[in-house]
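Trainee: Could we go through this model together, starting with one side chain and then the space around it?

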Amino acid sequence: MAVREILEFPDSRLRTVAKPVVQFDAALADLAQDMIETMYAAPGIGLAATQIDVHQRLIVCDVSEHHDQPLVLANPRILAQHGGQTYQEGCLSVPGIFADVDRALFVTIEAEDLSGKTIVLEAEGLLAVCIQHEMDHLQGKLFVDYLSPLKREMVRRKLDKRRRQAATA
Ligand code: K2U
Ligand code: ZN
């Protein structure tokens with residue numbers, strides 16, 4: 001298995017709308033394993049396939065205390081949602097940037113597991129935030145899209161400057 005490179009904003013590949021997973025085979029299991037390893041290595045508590053430049057509808061999340069209970073969801077869809085919460089989000093594709101985002105507090109998700117079996121799960125709190133954040137990635141949406149155009153431009157310039165400084169260091 002491998003830790004994969006994570007695409008960074010404003011890379012246009014992050015704007016790709018992912019296609020449904022249709023083959024529940026060994027290759028999908030390998031992809032999920034790479035995503036889990038990449039998530040833990042970052043470190044993070046979630047990752048979408050989009051972020052490693054694979055445009056299939058697959059996400060992983062792990063909000064467990066010891067980071068040893070990864071959740072793998074293929075073709076996730078929200079069946080129901082209610083309540084609201086504001087969470088200061090970050091993103092592995094927008095390193096060092098944090099902003100408040102409003103999302104549903106409770107979500108009921110239907111998805112397929114790695115064997116192709118349909119599963120339904122109810123999530124609240126941080127897991128609900130993580131799943132909604134990752135599902136945005138599958139639509140080519142980033143948490144900075146919830147900021148004003150001016151603030152998003154400021155984020156882009158800050159990351160560009162940081163990358164230029166890193167390149168000359
Ligand atoms: O998609 C990603 O970039 C992974 C995010 C998922 C996430 C963002 C905001 C809120 C919950 C999950 C990364 O895990 S960001 C790093 C992080 C680490 C611990 C807690 C929250 C965010
Ligand atoms: Zn993200």
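Trainee: Is Ile45 buried, partly exposed or exposed?

Mentor: First, the ground rules: this is a predicted model, where local features need pLDDT of at least 70, side-chain atom pairs count only at pLDDT 80 or more, and totals for chains, interfaces and linings use all residues. Side-chain values use heavy atoms, without hydrogens and water. On the scale used, buried means under 20% relative accessible area, exposed over 50%, and partly exposed in between (1.4 Å probe, protein chains only). Ile45 has a relative accessible area of 32%, so Ile45 is partly exposed.

Trainee: Is His67 buried, partly exposed or exposed?

Mentor: Phi of His67 is near 50 degrees, a positive value in a residue other than glycine. With a relative accessible area of 46%, His67 is partly exposed.

Trainee: And Asn75, buried or exposed?

Mentor: Asn75 isn't a glycine either, yet its phi is positive, about 50 degrees. Its relative accessible area is 11%, so Asn75 is buried.

Trainee: Which peptide bond is cis with omega near -5 degrees?

Mentor: There's a cis bond from Phe9 to Pro10, but omega there is near 10 degrees. The cis bond with omega near -5 degrees runs from Ala42 to Pro43.

Conventions. Residues numbered from 1 in each chain as written. Chains lettered and ligands numbered in written order.
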